[in-house]
Amino acid sequence: MEKILCSKEDIKEMLSAQVKNLYRKTLQAASKEELYQAAAFVIREILMDYWIETHNTYYEKDVKTVYYLSMEFLMGRFFGNTAINLMLYDGIRDAFLELGIDFTELEEAERDPGLGNGGLGRLAACFLDSLSTLNYPAYGCGIRYRYGIFEQKIQNGYQVELPDNWLEDGDPWSIRRNEYAVEVKFGGNVRAVPKGNGEYRFVQENCHCVIAVPYDYPVVGYGNQTVNTLRLWEAKPIKQLDLKLFNEGNYQKAVEEQNLADTLTNVLYPADEHIQGKELRLRQQYFFISATVQTVVERFAKRHTDFNLLPEKVAFQLNDTHPTVAIPELMRILVDIYDLPWNQAWEITKKVCAYTNHTIMSEALEKWPVELFSRLLPRIYQIIEEINKRYCAELISRYGNDPAKIRNMAIIADGQIRMAYLAIVGSHSVNCVAALHTEILKQQELKDFYKFYPAKFNNKTNGITQRRWLLHANKDLAELITKKIGDGWITELSQLENLLQYENDDTFLHQLMEVKKKNKLALVQYIKETKGIDINPDSIFDIQIKRLHEYKRQLLNILHIIGLYNQLKVNPGMDMVPRTFIFGAKAAAGYHRAKLIIKLIHSVADVINHDTSIQGKIKVIFMENYQVSLAEKLIPAADVSEQISTAGKEASGTGNMKFMLNGAITIGTMDGANVEIFEEVGKDNIFIFGMSAQEVAKKYAENTYDPWGIYNMNQEVRMVLTELIDGTFDCNTDLFRELYESLLNGYCGRADEYFILADYEDYARAQKEIDVAYRDTRRWAQMSLRNIAKSGKFSSDRTISQYAEEIWGLTPVKINLKP
């Protein structure tokens, strides 16, 4: 990118003008929130010409474009990352410094957009960054949630969900595009209209309609002129206000349409324990998919009459099963609106669509009740029925009339629509997200489909963007690396391997550990300011931050902490490196047991952190409202990265990659991408424990696992579990009984379903090895360096290059805007 975008003086003038125009204030009178908003508009003004030129170039060259369809885009704050990718970060920071503006405070004034929940959404955000940096034409397509998933507050140790009102202070990064608004239909009935040739056209009537309005957000590539678009849809009513009803005093009825539309895009993943929640989730999925597919096909049809060319111009990537309705929706548009024959439309649809599977757990493969689906999306249901009928005919042709086989593989069976199966049947590519994940799906969960469609299945190991997770999140480490090997790693992460030449350089190793110490001190200060807790910066910072789910085994972590605490109570003088255990996690609003684990973590922390007899050797911290901006504070400070899911349950994980990139050492099972991290760094630079995925699968199959045997033979485990129910951590001895029962007897499920007790002893062994290893500061620094140096494989740039070349058939498009 040309480095003549703006001088410091230009930036100062633009900022002053924005503050005056937006707030009728001078720079001196503006609040930090107002300065942030003005600064965001400054950056937007700078990038706007590139954004326009990017899309003009795509249109003029009629390029193939990928549409990345996802329920989540966990973008994180836009300001700093956009400034970095524009190569303006230092210039803006210095200009603001000269104006007496604290740049760090300005960045902190931006609220995290409430557009995602966990790894699925953050992966989508990393992919968008890489798509722009690699010059690939792309859109991200999703929903503009008004209140995100929720803002987590902790009250008396319990998670409480509050609306995440991230739009409250405005949204300087989006542009509302009313000209692209489209109508989306729900419910009603389908009428067959004769076409005069013995065929019929199908029309949906008497339906409830909403307007989908797109908001476009810029996604800036690093060091080039590409600015792709994240397009998020918001629901609006056909009729804003029924004035007649309003004037008659029927105020609630008058705004009913508005309320229904608002509900559609208010919250990400509404609780679905009840039928209303299930229906809302399905509405959300179809809403943004229908809006996107309608827009894309209409744009294509304006320039092309031959729909056989659609796969040469359009790729839809389904990020997990949520966007699977894109397959029947594309069929609906091609068959019902553009009058294509079914077979032609089906071949086009399969070539356009590709599916990414993100889960190994069969219960997480999305299914919809036929009754709900057919009522809410009657025409889409008819199309799925037809797809299923023709697909089952293929199965019968291959396997004969085998009712059990057909039932197991059918898209519609037992009163449910299996969306993962529809995604597999209706896509030309089915990719998994780690090598182990791919093999498990091919050999276990989806083995019948792999045998039927072997050419469709492939692996694309996940990745992360180094621009956000190193260059922005860990500036001191980025600067140290650049001084040693240059800045090529920013766009080619494999260059970090050049750091291995300094593996025995004591000066560099010391510098590396000084950066870690500085990051730890910054986190110590942040925790003191936000939680009022003092922690020892010389302790091992042992961090587990991820969505709270039983298979991710935060429970194993806290049980081991209780065990360690018990050892200290018996022997306060025990020789151990002080340890600070840090958790960050949101539990789904309706996931009772996950929320109970959060309460347990807080109850244990309350006891341990106030027990002076252990001399501060253990501290337990739970960081409230975990999100991207908090991760950017925690990850650079971590010594140990907890990646301890039950082997065979985590598809990939990307948190493990972020920690690795920042020099933390992994303690983990051989699960997901941990396997590939192990292969990269070697067995001496990672702490592996627990059963393998094959051993776990065998235990499930044999169904002979008895956790009571472990309880009876392991005194430490027995003491820990007893303390869950004897009042040690809460005077209500029944509070944590559900956790106790779930581990030993089963509580609404099999006993110790995720093998926490089975892996406990080996986990404790690995934790002791960490204690020993950390004492050798030189060796620990070498381990940290090797993790950083070998993280090149895990760049999302590599992943996206593979998607583009092997699935989408995309060609990079260089943007050349004359200065």
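Predicted model: local features only at pLDDT ≥ 70, side-chain atom pairs only at ≥ 80, totals over all residues.

In it, the count of aromatic pairs comes to 26. One of them joins Tyr89 and Phe103: the ring centres are 5.1 Å apart and the planes stand at 90°, so this pair is edge-to-face. Tyr89 belongs to helix α4 (residues 89-98) and Phe103 to helix α5 (residues 103-108), so the pair ties together parts that lie 14 residues apart in sequence. Tyr89 is buried, with 8% relative accessible area, and Phe103 is buried too, at 7%.

Tyr36, Phe79, Tyr89, Phe96 and Phe103 are linked into a cluster by ring pairs.

Further along, Tyr705 and Phe755 make a tilted pair, with 5.0 Å from centre to centre and 55° between the planes. Here distant parts of the chain are linked, 50 residues apart: Tyr705 is in the loop between α28 (693-702) and α29 (707-713), while Phe755 is in the loop between α31 (737-744) and α32 (756-775). Are these two residues buried or exposed? Tyr705 counts as buried because its relative accessibility is 18%, under the 20% cut-off. Phe755 is buried as well, with a relative accessible area of 2%.

| Charged end | Ring below | Distance to ring centre |
|---|---|---|
| Lys405 | Tyr399 | 4.9 Å |
| Lys633 | Tyr526 | 5.2 Å |

Technical notes: Residues numbered from 1 in each chain as written. Heavy atoms only, no water. Phe/Tyr/Trp six-rings, centres within 6.5 Å; stacked < 30°, edge-to-face > 60°. Helix = DSSP H or I, 4+ residues; strand = E, 2+ residues; numbered from the N terminus. Buried < 20%, exposed > 50% of the residue type's maximum accessible area, 1.4 Å probe, protein only. Lys NZ or Arg CZ within 6 Å of the ring centre and 35° of its normal.
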